[in-house]
Amino acid sequence: MANQELTEQEIGRRNSMQALRDRGIEPYPAAEYVVTGHSAEIKENFVDGQEPPREVTVAGRIMSRRIMGKASFMELQDAEGRIQVYVSRDDLCPGEDKDMYNVVFKKLLDIGDFIGVKGYVFRTQMGEISIHAQEITVLAKSLRPLPVVKMKDGKAYDAFTDPEQRYRQRYVDLVVNKGIKDIFIKRTKVYNSMREYFNSHGYLEVETPILQAIPGGASARPFITHHNALDIPLYLRIADELYLKRLIVGGFEGVYEFSKNFRNEGMDRTHNPEFTAMEIYVTYKDYNWMMDFTEKMLEKIALDVNGTTDVQVGDTTISFKTPYPRVTMTQAILDKTGFDITGKSEEELRAFCKQNGIEVDESFGKGKLIDEIFGEKCEGSFIQPTFIIDYPIEMSPLTKCHRNDPRLTERFELMVNGKELANAYSELNDPIDQYERFVEQMRLADKGDDEAMIIDGDFIRALEYGMPPTSGMGIGMDRLVMLMTGQSTIQEVLFFPQMRPEKKQQQDDNEKEAE
């Protein structure tokens with residue numbers, strides 16, 4: 001147990017734990033406890049006047065209590081919600097010994113404790129469906145008090161609302177704050193809906209390596225580690241694209257993966273260094289087909305998760321009803337800035353950035369300069385789902401050249417609520433062209449771009465064996481869940497977002513280093 005100074009309440013709970021043991025009641029029993037009902041289901045299926053009344057066994061946390069004389073009420077919270085429990089001394093202790101009620105229930109149990117209750121379902125005189133307890137079993141003693149909200153003079157006290165506390169102690173957040181669990185239930189529904197959509201088309205879910213010798217498939221700064229047995233550096237995956245394409249070379253016609261990716265970059269309201277992406281690759285398709293496929297998928301997910309294609313994010317209603325507008329990258333920048341990027345040199349692009357207050361690094365090539373212009377001047381204005389298409393070739397080293405204009409690529413990004421949600425290509429399958437694109441990336445790396453791609457010789461070799469025409473699409477699952485649950489920060493949809501060490505922990509670490 002971590003070193004800590006116990007509060008008066010925590011000391012009292014430890015004393016109660018020992019008192020239970022002194023009475024022969026184990027506060028952390030090992031035996032199975034068989035549950036026969038849950039709060040929501042019990043309320044839904046209740047029938048007034050049912051004879052005999054339904055007998056149930058429930059389990060959960062004590063969330064509130066109203067201690068009276070010979071009879072009391074408490075609220076029990078299980079996985080589905082809360083239900084009231086009526087406790088009568090004479091029913092709980094039919095014999096002479098009334099200690100189970102007078103001592104154990106009234107004095108040794110606390111809010112937050114897990115208990116099991118056997119009894120029958122009835123409706124109180126106040127009309128509330130409740131359980132009349134006939135037996136109570138202690139299942140787990142809570143040694144820390146929950147931050148249960150208390151009201152005084154119209155003000156709330158002990159509310160667990162501080163974001164830093166909530167994210168660090170998600171286990172408490174899930175218990176005491178209404179609606180938090182629903183966000184994560186919806187997260188699972190998003191994944192299930194997407195899987196159903198892909199599986200219904202016959203595509204195969206696969207797994208590819210997280211530890212990679214070459215970090216490929218995206219322009220991002222990787223985390224680096226070392227493998228002792230092989231004595232080589234390895235990188236945590238930044239994307240799974242190049243491995244999934246190897247499977248296409250190997251003969252699969254449609255593969256997808258939900259992958260944990262890691263990027264050693266900044267953190268903000270929409271970025272976490274560890275995040276989940278989904279990538280899918282389908283043979284004999286192009287980016288036009290993928291746009292149709294993607295918008296139908298998102299419409300289905302919205303309906304499956306929320307029952308409607310409209311999603312409320314803050315004050316904005318976002319509609320996932322198909323179809324979505326399609327705007328070229330060049331036109332989007334022209335519309336928002338009046339600047340035509342067509343045929344512009346690196347120097348002209350850099351000059352425009354400086355003239356318009358767009359911060360750029362000397363290592364940036366044409367692709368990154370255009371990306372910065374779009375990000376600063378255009379991206380935030382696309383609130384409703386919009387496909388931005390036909391990116392300049394410098395921005396897309398893994399994308400097939402546009403069939404009508406070799407200066408462009410067959411790529412789209414789906415913008416929603418001012419942020420990129422999905423990225424897709426008609427995949428580059430010409431190994432010679434791909435190698436030349438990698439060489440250009442290495443030139444940028446030599447200039448100091450630490451996000452430039454590394455040449456992956458094995459991937460080039462795979463392409464040389466032949467990859468059929470393919471379209472691929474990646475989607476940020478965390479951002480998609482944010483949209484489907486109406487959240488404005490990525491931390492709200494991650495169970496355990498990355499955070500700085502707690503101040504006390506950081507202080508202890510510093511003291512150890514000083515020693």
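Strand 18 and strand 19 (residues 419–426) run antiparallel and are joined by 6 bridges; two strands count as paired if DSSP finds at least two bridges between them. The structure is a predicted model, in which local features need pLDDT of at least 70 and side-chain atom pairs count only at pLDDT 80 or more, while totals for chains, interfaces and linings use all residues. Residues are numbered from 1 along each chain as its sequence is written, and side-chain values use heavy atoms, with hydrogens and water left out.

The hairpin of strand 18 and strand 19 has 2 residues between the strands, and asparagine 417 there takes a positive phi near 55 degrees. Strand 18 also pairs with strand 17 (residues 386–389), in the antiparallel sense and over 4 bridges. Within that pairing, methionine 415 in strand 18 is the bridge partner of threonine 386. Strand 18 (residues 411–416) is largely enclosed by the rest of the structure, because 6 of its 6 residues are buried (buried means under 20% relative accessible area, exposed over 50%, and partly exposed in between, with a 1.4 Å probe and protein chains only). Arg411, Glu413 and Met415 point one way from the strand, whereas Phe412, Leu414 and Val416 point the other way, and all are buried.

Glutamate 410 lies in the loop between strand 17 and strand 18. This glutamate is buried, with a relative accessible area of 2%. Leaving out residues up to four places away in sequence, glutamate 410 touches Asp286, Tyr287, Thr399, Lys400, Cys401, His402, Arg403, Ala424, Tyr425 and Ser426 (contact means heavy atoms within 4.5 Å). Of these, cysteine 401 is partly exposed, at a relative accessible area of 25%. Cysteine 93, by contrast, is buried, at 4%. With a disulfide defined as a pair of cysteine sulfur atoms within 2.5 Å, the count comes to 0 disulfides.

A closed barrel of 5 strands runs in the order 1-2-3-5-4, with mixed pairing. From one strand to the next, the twist averages 55 degrees (axes are lines fitted to C-alpha atoms, for helices over the stretch in contact, and angles run from 0 to 180 degrees between N-to-C directions). Helix 4 (residues 99–108) packs on this sheet and touches strand 1, strand 2 (71–78), strand 3 (81–88) and strand 5; the direction of helix 4 makes about 50 degrees with that of strand 2. Strand 4 (residues 114–123) is antiparallel to strand 5 (residues 129–140), and the two pair over 10 bridges. Isoleucine 115 stands opposite valine 138 in strand 5.

Threonine 57 belongs to strand 1 (residues 55–66). At 9% relative accessibility, this threonine counts as buried. Apart from neighbours within four places in sequence, threonine 57 is in contact with Tyr33, Val34, Val35, Thr36, Gly37, Val117 and Lys118.

An open sheet of 3 strands has the order 9-11-10 and antiparallel pairing. Strand 9 (211–212) and strand 10 (224–227) are its edge strands, each pairing on one side only. Strand 10 and strand 11 (residues 232–236) run antiparallel and are joined by 4 bridges, and isoleucine 232 in strand 11 is the bridge partner of histidine 227.

Strand 14 (residues 310–313) and strand 15 (residues 316–319) likewise run antiparallel, joined by 4 bridges. Glutamine 312 stands opposite threonine 317 in strand 15. The two strands form a hairpin with 2 residues between them, and glycine 314 in the turn has a positive phi of about 65 degrees.

Among the helices, helix 10 (residues 329–337) packs against helix 12 (residues 366–377) at an angle of about 50 degrees, with the axes 10 Å apart. The two helices are therefore oblique to each other (angles under 35 degrees count as roughly parallel, over 145 as roughly antiparallel, 65 to 115 as roughly perpendicular and the rest as oblique). Helix 10 passes helix 12 in a left-handed crossing, meaning that the near helix is turned anticlockwise from the far one by less than a right angle; clockwise would be right-handed. Met329, Ala332, Ile333, Lys336 and Thr337 in helix 10 meet Ile370, Ile373, Phe374 and Lys377 in helix 12.
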